Each structure stands twice: as structure tokens, then as C-alpha cells.
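Good morning, and thank you for joining.

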Amino acid sequence: MGSPLGPLFANIFLTHYESQWLRDSPVQPVFYRRYVDDTLWFLPQGSDVAALLTYMNSRHPNMHFTVETESNNCIPFIGLNVMHNTCNNVHTYFTSVYHKPSSTALCTNFNSFMYISYKLSAVKCLLWRALHLCSNWSLIHSEISSLRNMFLLNAYPSDILDRLIRSSVSNFIQPNLQFGPKKDRMYIGLPFLGKPTDALRRTIKTIGKKFFPSKDLIVYFTSGRRVSNFFQIKDSTPFGLRSHVVYQYTCTRCQSSYIGKTSRHLRHRISEHAGVSHITGRIMKCQSHSNIRDHCLTCAGSQCLTENFKILARGRSDTELLIKEHLLIERHNPSLNGNQGSVELLLR
Ligand SMILES: [Zn+2]
């Protein structure tokens with residue numbers, strides 16, 4: 001399932017067929033659950049699993065099922081370890097967190113240069129998982145004990161761990177209910193530079209509470225320089241397929257220039273300026289107005305070619321692109337842009 005839409009398509013496909021296949025199945029499950037393409041079946045004792053597999057594999061030419069039966073009364077299923085116990089012919093099932101045989105006790109070290117909240121969140125997240133996936137207190141206790149040992153090995157102080165465990169368990173038993181209207185979240189990203197950034201975060205939060213009481217201001221930290229920045233392993237996006245950019249056109253004949261922005265693929269915008277279809281390359285019947293095309297008609301020998309374009313800046317949102325475009329127009333004063341109106345800058 002390489003495509004981002006793969007899981008969605010797989011889900012639609014299986015949701016459509018599974019009720020029909022289950023109805024006609026030679027073996028009726030006692031319990032059946034599916035998550036995307038993983039299914040968990042509880043079958044009556046002595047059921048013919050091979051016959052069921054043959055039946056499922058004969059349903060659709062593109063579907064191929066494999067089967068995994070319980071081993072040592074356990075079977076993993078989407079992060080769960082499902083355990084089976086039989087006593088006086090009574091079957092009981094328990095669940096706990098599944099750990100891959102290859103998993104190591106390595107996680108973010110407490111001494112690493114990172115905002116403290118992120119380190120504590122790693123603990124809280126795994127505690128949440130233990131509390132919600134383990135089906136009884138004995139399994140919860142065992143999972144939390146192994147988590148505590150793992151974090152101790154990664155230099156987490158025991159008093160911090162114990163405090164987090166206490167608060168997570170008490171919150172699990174008696175959740176803190178939030179009353180009142182839900183606040184809109186506002187995000188602000190800052191590069192993490194240690195203690196000074198934390199002080200700035202607190203100041204921003206205080207200002208946010210005072211001036212935007214209806215907003216929930218979330219300050220998050222980014223890391224400017226990562227190891228991955230030094231080792232580029234991804235192919236760079238072809239020029240024409242780059243999007244969310246501020247571009248500049250320069251006429252090779254008279255050096256006149258134009259600055260614009262686009263959130264689509266740059267080649268679409270260049271084709272629009274040239275007045276041709278980006279799919280067929282043919283001249284379009286309904287051409288939108290373009291200052292670059294107007295200039296090419298008047299400046300003998302000039303052309304609107306991809307080579308005449310270069311990218312000046314990138315932006316993550318339309319607002320960011322708009323601001324950068326205006327600032328770059330202000331700086332370069334391109335002759336083909338003509339009169340530009342101002343855009344009201346709204347801080348929301
Ligand atoms: Zn020109």
C-alpha cells in the first residue's frame with residue numbers, strides 16, 4: 001500500500017465484500033474484527049482453518065490471504081498481544097501491549113538536547129498505551145514496570161517517572177473532564193535553543209492568555225539542524241513540479257522581470273503565462289490575462305520559456321506566499337508587475 005490513499009481504498013473494498021464473504025463462510029467465527037487489512041478470528045475448537053483459508057482465497061482474484069494461528073496461546077494483532085487461556089473448557093482472552101522480538105529498550109535519552117515536555121510526553125504516551133491496551137491490572141502492572149525499567153535505562157530520573165505513572169493511572173481511573181466551550185487552537189513554531197526558548201514560550205503563553213482568551217495557544221519547537229540535513233537521500237523535486245513558490249520571470253532580451261506566486265505546480269503557472277495547455281502544450285482558446293505574455297508580444301524575440309523562470313522563495317501557506325511575494329516585489333521592483341494593491345494582514 002505505497003499510496004497514501006491505499007489504506008482508504010483497501011478499507012472501502014473490504015467493507016464492501018466482507019459481510020457477504022462472512023455470511024457464506026464454511027466456518028463461522030465466534031468473534032471477528034478487522035483493521036484495514038488485518039483480521040482477527042476466534043473460531044470454534046476443531047475448525048478447519050485450511051478450508052477457511054482456501055475459501056477466503058477463492059473470493060477475489062486480487063485477494064491473497066495468509067493465516068497465522070496462535071503460538072504458545074498468544075497471537076499479535078495490530079500492536080496488541082492477544083492471549084488465550086482455557087480452564088475447565090472455558091475460554092478467556094486477555095490483551096496486552098505487543099513488543100516485537102527485535103525491539104530494544106532504546107528511546108530518547110533524558111539528557112538529549114530537547115524540550116522537556118517532549119521527553120515527558122514519550123513516557124505519557126507509552127503509559128497511555130499500557131493502560132488502554134492491557135485488559136487487567138496485573139498486565140498493566142507488568143507493562144508499566146517494564147516501561148519504568150526502559151526509561152531508567154535511558155537516564156530518566158525515577159522520581160519523575162513515578163510522578164508520571166501516578167498521574168497517568170489516577171487520570172485513567174478518574175478522568176479529568178473538561179467543561180466549557182472548546183477553544184480554537186493557535187500554533188506558533190519556534191526553533192529550540194534550550195532554556196531561553198522555554199522562557200520565550202512562557203511569555204508568549206502569558207500574552208496569549210491576556211490578549212486572546214478564546215484561543216488555546218500552542219507553542220511548538222522545531223529543530224533547525226538535524227543529522228538528516230547533512231545527508232540528502234531524497235531526489236530533489238523537478239523544477240516544474242515544485243509548488244508553493246514565489247517565482248521570477250526575466251526577459252532575456254530586455255531584462256524586464258515579473259514576480260508572482262503559485263501554490264500549484266510551477267509548470268502549470270508557466271503554461272498559463274505562455275497561454276498554452278500544461279497537458280497538451282497547445283495554445284489555449286480561453287487564455288487568462290498575463291503580464292508576461294503581453295510583454296512577449298511587444299518585446300521582439302522574447303519568449304515565455306521555463307528557462308526564464310527561477311524560484312525566489314517558498315511558503316507553507318497562501319498567506320506566507322503572499323507576504324513573501326509582496327516583500328520580494330518591494331525589494332526587486334520588477335517592471336512587469338505594474339501597480340500592486342496592498343493586502344490587509346490579519347492576525348487571527
Ligand atoms: Zn523583453
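I begin with His-244, which is placed in the loop between helix 7 (227-230) and strand 8. Please bear in mind throughout that this is a predicted model. The phi of His-244 is near 55 degrees, a positive value in a residue other than glycine. Most residues other than glycine have a negative phi. As to its surroundings, His-244 has 18 C-beta neighbours inside 10 Å and therefore counts as partly exposed.

From that loop we move to the sheet. In what order do the 3 strands of this open sheet lie? The order is 9-8-10, and the pairing is antiparallel. From one strand to the next, the twist averages 25 degrees.

Let us look at one pair in detail. Strand 8, residues 245-250, is joined to strand 9 in the antiparallel sense over 6 bridges. One of the bridge partners is Ser-257 in strand 9, which is paired with Thr-250. Helix 10, residues 318-332, packs on this sheet and touches strand 8, strand 9 and strand 10. The direction of helix 10 makes about 170 degrees with that of strand 9.

Thr-262 is also placed in strand 9. Which residues does Thr-262 contact, leaving aside its neighbours within four places in sequence? They are Val-245, Tyr-247 and Arg-269. Thr-262 is 19 residues from Ser-243 in sequence, while the distance between the two in space is 6.7 Å, C-alpha to C-alpha. With 19 C-beta neighbours inside 10 Å, Thr-262 counts as partly exposed, because a residue is buried only if 20 or more other C-beta atoms lie within that distance.

How many bridges join strand 4 to strand 5? There are 8, and the two strands run antiparallel. Among the bridge partners are Met-83 and, in strand 5, Phe-94. The loop between strand 4 (80-87) and strand 5 (90-97) holds Asn-88. Is Asn-88 buried or exposed? It has 4 C-beta neighbours inside 10 Å, and so Asn-88 counts as exposed. Like the histidine with which I began, Asn-88 is a residue other than glycine with a positive phi; for Asn-88 the value is near 50 degrees.

Which residues meet where helix 3 and helix 4 pack? From helix 3 come Val-123, Leu-126, Leu-127, Ala-130 and Leu-131; from helix 4 come Ile-140, Glu-143, Ile-144, Leu-147 and Phe-151. By class, this contact has 9 nonpolar residues, 1 charged residue and no polar residues.

Helix 4 has a contact with helix 5 (residues 158-173) as well: their axes come within 10 Å and cross at roughly 150 degrees. Helix 4 and helix 5 are therefore roughly antiparallel to each other, and their crossing is right-handed. On the helix 4 side, the contact is made by Ile-144, Arg-148, Phe-151 and Leu-152. On the helix 5 side, Ser-158, Leu-161 and Ile-165 take part. The residues of this contact divide into 5 nonpolar, 1 polar and 1 charged. Please note that Ile-144 and Phe-151 are named in the contact of helix 4 with helix 3 and again in the contact of helix 4 with helix 5.

That concludes my presentation, and I thank you for your attention.

Terms used
Residues numbered from 1 in each chain as written. Predicted model: local features only at pLDDT ≥ 70, side-chain atom pairs only at ≥ 80, totals over all residues. Contact = placed C-beta atoms within 7 Å. Helix = DSSP H or I, 4+ residues; strand = E, 2+ residues; numbered from the N terminus. Nonpolar A, V, L, I, M, F, W, Y, C, P; charged D, E, K, R; others polar. Pairing = 2+ DSSP bridges. Axes fitted to C-alpha atoms, helices over the stretch in contact; angles between N-to-C directions. Buried ≥ 20, exposed ≤ 12 C-beta atoms within 10 Å, placed from the backbone. Parallel < 35°, antiparallel > 145°, perpendicular 65-115°, else oblique. Left-handed = near helix turned anticlockwise from the far one by under 90°.
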